[in-house]
Amino acid sequence: MFFKIFRKRTLSFGERRVRLMKKEIKVTYEEFAGINELDAADRNLCLEAVKALENSHSPYSKFRVGAAMRLKSGKIIYGSNQENVAYPSGLCAERVALFSWGANHPDDPIESMAVTAQTDEFELLQPTTPCGSCLQVIAEYEKNQGSPIDILLYCQKGAVWKTSGIHNFLPFLFFEDRLK
């Protein structure tokens, strides 16, 4: 990711002058036409995310999401979305996996996370991206472990998007170091 300054200009508001800079943020990701273009480790992680769909509890949205995380030790952690009739008491697949990792394996860094989705209501034609809450949790865990997490978004009937580091999804992360 990089920032690019488009132009600088000065605006006047009475006696007050304001210097304005317009900037652009670019993100980087790789797009693969399908799972078979991935290396064996990434392909396997995407298939593990499909397995995680089996434990989705999504009777209301009928939109199942599965996440699988590969840790440095090689261990796989699973998560699936868990809905509740008392909305918004449910939880996304990504946070289920991340919180499980935090509770059980915090000393084994997360290397990669694969996320996939499925529904019988319509055809998914591109990968499903994590929600803002999930992105912020990924950001915090990535910061805490001091290394980027590779993220694979897998559309079972199409493309796979891969990026390294959460900043490609969430360039303006919320962090306030004084809250420690």
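From the N terminus on, the elements of the chain follow the order β-β-β-α-β-β-α-β-α-β-β. This gives 3 helices and 8 strands, where helices (H or I, at least four residues) and strands (E, at least two) are DSSP runs numbered from the N terminus. The model is predicted: local features need pLDDT of at least 70 and side-chain atom pairs count only at pLDDT 80 or more, while totals for chains, interfaces and linings use all residues. Residues are numbered from 1 along each chain as its sequence is written, and side-chain values use heavy atoms, with hydrogens and water left out.

**The chain as a whole**

Of the 180 residues, 38% count as buried; buried means under 20% relative accessible area, exposed over 50%, and partly exposed in between (1.4 Å probe, protein chains only). The chain exposes about 10,900 Å², of which carbon and sulfur atoms supply 51%. Among contacts (heavy atoms within 4.5 Å) between residues at least 6 apart in sequence, 62% join residues at least 24 apart.

**Helix 2 and helix 3**

The axes of helix 2 (residues 93–104) and helix 3 (residues 132–145) come within 9 Å and cross at roughly 30 degrees. Such axes are lines fitted to C-alpha atoms, for helices over the stretch in contact, and angles run from 0 to 180 degrees between N-to-C directions. Helix 2 and helix 3 are therefore roughly parallel to each other, a term for angles under 35 degrees. The contact involves Glu94, Arg95, Leu98, Phe99, Trp101 and Gly102 of helix 2, together with Ser133, Cys134, Val137, Ile138, Tyr141 and Gln145 of helix 3.

**Individual residues**

Helix 2 also contains valine 96. Not counting residues up to four places away in sequence, valine 96 touches Gly79, Ser80, Gln82 and Leu91. Its C-alpha atom is separated by 9.6 Å from that of isoleucine 77, 19 residues apart along the chain.

Proline 88 lies in the loop between strand 5 (76–80) and helix 2, and the peptide bond from tyrosine 87 to proline 88 is cis, with omega near 15 degrees. Lysine 62 lies in the loop between helix 1 (40–52) and strand 4 (63–71); although lysine 62 is not a glycine, it has a positive phi of about 60 degrees.

The table gives the accessibility of two residues.

| Residue | Relative accessible area | Class |
|---|---|---|
| Lysine 62 | 40% | partly exposed |
| Valine 96 | 23% | partly exposed |

Definitions and conventions: Parallel < 35°, antiparallel > 145°, perpendicular 65-115°, else oblique. Areas by Shrake-Rupley, 256 points an atom, 1.4 Å probe, with all protein chains shown as cover.
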